[in-house]
Amino acid sequence: MKRILAWVLTAAMAAGVLSGCGGKGGTETTAEKDAVTTAAAVTEAEKESASEADTTAAAENVTTEAAESENAGAAEGDVTLRVGALKGPTAMGMVKLMDDAEAGNTANRYEFTIAAAIDEITPKIVQGQFDIAAMPANVSSVLYNNTDGAVSVLAINTLGVIYIVETGDSIQSVADLKGKTIYASGKGATPEYALNYVLKENGIDPEKDVTIEYKSEHAECAAALAEAENGIAMLPQPFVTTAQAKNDKIRIALDMTEEWEKVQTGEDKSSLLTGVVVVRNEFLQAHPEAVAAFMDEYKASTEYVNANVEDAAALIEKYDIIPAAVAKKALPYCNITFIEGEEMKTRLGGYLGTLAEQNADAVGGKLPDEGFYYIR
């Protein structure tokens with residue numbers, strides 16, 4: 001268990017680079033610190049941090065076992081689902097469910113935890129402190145591969161939240177990026193893989209035809225964008241909205257999710273993804289009806305959030321995810337969704353395959369097998 005936790009924590013710390021809606025550095029906050037630096041790039045400092053977090057997680061075993069014992073003996077209608085999510089699009093999509101649960105208007109009872117970083121989520125689902133968790137899409141694959149299939153993915157809950165923005169008006173298509181300098185964060189992680197993929201599929205060599213200046217944080221990209229004349233950057237939401245509030249010259253030039261889908265061919269089309277929701281298989285086997293009810297209630301929550309932006313923004317602030325004013329402007333661009341079943345399998349499988357072609361470590365060394373996808 002200690003080896004698995006250390007591995008998962010290592011990948012989790014690296015996952016802070018993609019998820020967009022959140023805090024410093026884009027913690028999904030960066031899908032939520034929206035996604036994943038590869039395990040091969042781990043520093044010694046990160047290994048030490050993983051070991052410390054491992055020790056902390058191990059110390060929580062007594063609490064975990066007590067909670068497991070309580071749920072194990074509960075009748076199906078009495079079970080409490082412990083759900084973890086990150087301060088970003090996945091948590092934003094859950095707010096109606098959270099509010100309904102607080103009011104006692106749900107089929108299940110819930111305990112929600114909104115974390116600032118993915119390394120607060122993965123150890124707890126490994127040890128059984130969470131039954132369900134929202135996380136970056138490729139982290140779910142890493143988790144599956146390194147726990148011998150202890151989790152299954154229930155649904156895609158967030159498509160891509162990455163955008164190409166500029167302070168000028170020169171970028172109307174991907175082809176217009178040729179010869180330009182692009183500020184970006186996420187070197188060695190999902191943002192880099194996504195950008196490289198879209199550029200290559202449009203006939204642009206990322207190493208020769210463009211200059212990509214990688215920064216350590218999204219905030220640095222926004223600062224560089226503001227300082228450069230006719231600057232170009234790749235940023236996630238809500239950093240785009242935040243940057244626009246400070247500089248009205250910034251415009252969204254390209255939606256990377258749309259550009260990814262434009263280059264898909266054939267029936268098995270993948271999507272650029274940020275987040276998924278996973279379940280511990282032990283919990284799924286013990287409480288299938290509770291998981292099914294969760295899926296229905298979570299889907300309804302995402303639909304409500306997308307259809308009622310102003311009310312949803314107020315709930316997002318209520319649950320201390322991001323301020324309502326930022327949420328109201330960012331929500332239409334956060335691509336919150338709920339995709340399950342065969343469509344989920346096709347989109348997620350294709351996305352993970354694209355990442356694996358560039359760096360297998362980004363998905364845990366190999367593509368997950370059929371057991372990874374829960375089809376109800």
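## A loop residue with positive phi

Asp320 sits in the loop that joins helix H14 (309-318) to H15. In this predicted model, the phi angle of Asp320 is near 60 degrees, a positive value in a residue other than glycine. Asp320 counts as exposed because its relative accessibility is 52%, and the cut-off for that class is over 50%.

## Other backbone features

Asn230 also has a positive phi in a residue other than glycine, near 55 degrees. Its place is the loop between H9 and S8.

The loop between S8 and H10 holds Pro238. The peptide bond that leads from Gln237 into Pro238 is cis, and its omega is near 5 degrees. As background, most residues other than glycine have a negative phi, and most peptide bonds are trans.

## Helix H10 and its cover

Helix H10 spans residues 239-246. Its buried residues are Phe239, Val240, Thr241 and Ala243.

## Aromatic pairs

Across the whole structure, a search finds 9 aromatic pairs. One of them joins Tyr110 and Phe294, with 6.2 Å from centre to centre and 55 degrees between the planes, a tilted arrangement. This pair links distant parts of the chain: Tyr110 belongs to strand S2 (residues 109-115) and Phe294 to helix H13 (residues 288-307), 184 residues apart. Tyr110 and Phe294 are both buried.

Which arrangement do the rings of Tyr197 and Trp260 adopt? Their centres are 4.5 Å apart and their planes meet at 45 degrees, so the pair is tilted.

## A ring cluster and a lysine over a ring

Which residues do ring pairs link into a cluster? The members are Tyr110, Phe112, Phe294, Tyr298 and Phe338. Tyr110 and Phe294, both in this cluster, are the two residues of the tilted pair described above.

Tyr304 has a charged side chain over its ring: Lys96 lies over the face, 5.0 Å from the ring centre.

Terms used
Residues are numbered from 1 along each chain as its sequence is written. This is a predicted model: local features need pLDDT of at least 70, side-chain atom pairs count only at pLDDT 80 or more; totals for chains, interfaces and linings use all residues. Side-chain values use heavy atoms; hydrogens and water are left out. Rings of Phe, Tyr and Trp (its six-membered ring) pair if their centres lie within 6.5 Å; planes under 30 degrees apart count as stacked, over 60 as edge-to-face and the rest as tilted. Helices (H or I, at least four residues) and strands (E, at least two) are DSSP runs, numbered from the N terminus. Buried means under 20% relative accessible area, exposed over 50%, partly exposed in between (1.4 Å probe, protein chains only). A charge sits over a ring if NZ of Lys or CZ of Arg is within 6 Å of the ring centre and within 35 degrees of the ring normal.
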